[in-house]
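Work through the exercises below with the sequence and the model open. Each task is followed by a solution in steps.

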Amino acid sequence: MTIVPLVPKDFAAKNSAAGNAGPALSRVPVLSEIGPADLGGFRAALRHLAGGVSVVTTGRGAARTGLVATSVSSLSAEPPTLMFGLNLGSSSFPVLREHGAFAVNFLAADQKEIADRFAGRGGEKGRARYEGAQWTEGRTGAALLDGALASLDCEVEELIERHSHAIVIGRIRGIRLGSDAAALLYWRGDYERLGWMPEEAATALGLRAY
């Protein structure tokens, strides 16, 4: 891959001479190339990036499976599309590629057990990850989680394979909104929460009334 600089190398020098260099910035060492020995640092840095926890479901019948994703993000509003990263070695990847559809379910703070099952922390695989929760089949056939903050039913628009992962781009075909409960986040290797659960908000509002 060739990277073409958008600013000429002598741009900063010319602007400095003209008095337009702006505020001075201290220089810190920057690695020009990341090697295998630096992967630990890369992972440690990303642990500081908080992400919403989503369960991605795909497949039908006995082939149903799914995974936990913290990299889901909006790609476009017109048309509505989203994307996330999926490990090529994941058991869900061939199912998603064959089925051509998936659902993204945003988890509430009280759905940590569902996240653990879809992460396979107890050894659950495939259809067993769906146990202990209620599901509704979406337009594409993917499973929508009852009680999720929101569920997006998607068709695979494109799979872009890069290195160890595929960038999954999904065209949204259906949306189901849930409650306004607190959200489940993943940060520094553990679950966190953002916001209040409805009963907590009601209690707080009741106390403020006095």
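**Exercise 1: a surface residue**

Leu49 has a relative accessible area of 59%, so it counts as exposed. The model used throughout is predicted.

Solution. 

**Exercise 2: the largest pocket**

Task: Describe the largest pocket by its volume and its lining.

Solution. 
1. The volume is about 1,200 Å³.
2. The lining has 31 residues, and Leu46, Thr70, Ser71, Gly85 and His165 are the closest to the pocket centre.
3. Elements giving two or more residues to this lining are H2, E3 (65-69), E5 (80-87), E10 (165-177) and E11 (183-187).
4. By type, the lining divides into 15 nonpolar, 10 polar and six charged residues.

**Exercise 3: salt bridges**

Task: Of the six salt bridges in the structure, examine the one between Glu137 and Arg64.

Solution. 
1. The closest N and O atoms of Glu137 and Arg64 are 3.0 Å apart.
2. Glu137 is in strand E7 (residues 135-137) and Arg64 in the loop between strand E2 (54-58) and E3, so the pair ties together parts 73 residues apart in sequence.
3. Arg64 has a relative accessible area of 13%, under the 20% limit, so it is buried.
4. Glu137, at 48% relative accessibility, is partly exposed.
5. Arg60 joins Arg64 and Glu137 in a network of salt bridges.

Methods:
Residues are numbered from 1 along each chain as its sequence is written. This is a predicted model: local features need pLDDT of at least 70, side-chain atom pairs count only at pLDDT 80 or more; totals for chains, interfaces and linings use all residues. Side-chain values use heavy atoms; hydrogens and water are left out. Buried means under 20% relative accessible area, exposed over 50%, partly exposed in between (1.4 Å probe, protein chains only). On a 1 Å grid over the protein atoms alone, a cavity is a set of points where a 1.4 Å probe fits but cannot get out, and a pocket is an open set with protein on both sides within 12 Å along at least five of seven lines; lining residues have an atom within 4 Å of a point. Grid points are joined across faces, edges and corners, and a volume is the space filled by probe spheres set on the points. Helices (H or I, at least four residues) and strands (E, at least two) are DSSP runs, numbered from the N terminus. Ala, Val, Leu, Ile, Met, Phe, Trp, Tyr, Cys and Pro count as nonpolar, Asp, Glu, Lys and Arg as charged, and the others, Gly among them, as polar. A salt bridge is a side-chain nitrogen of Lys or Arg within 4 Å of a carboxyl oxygen of Asp or Glu.
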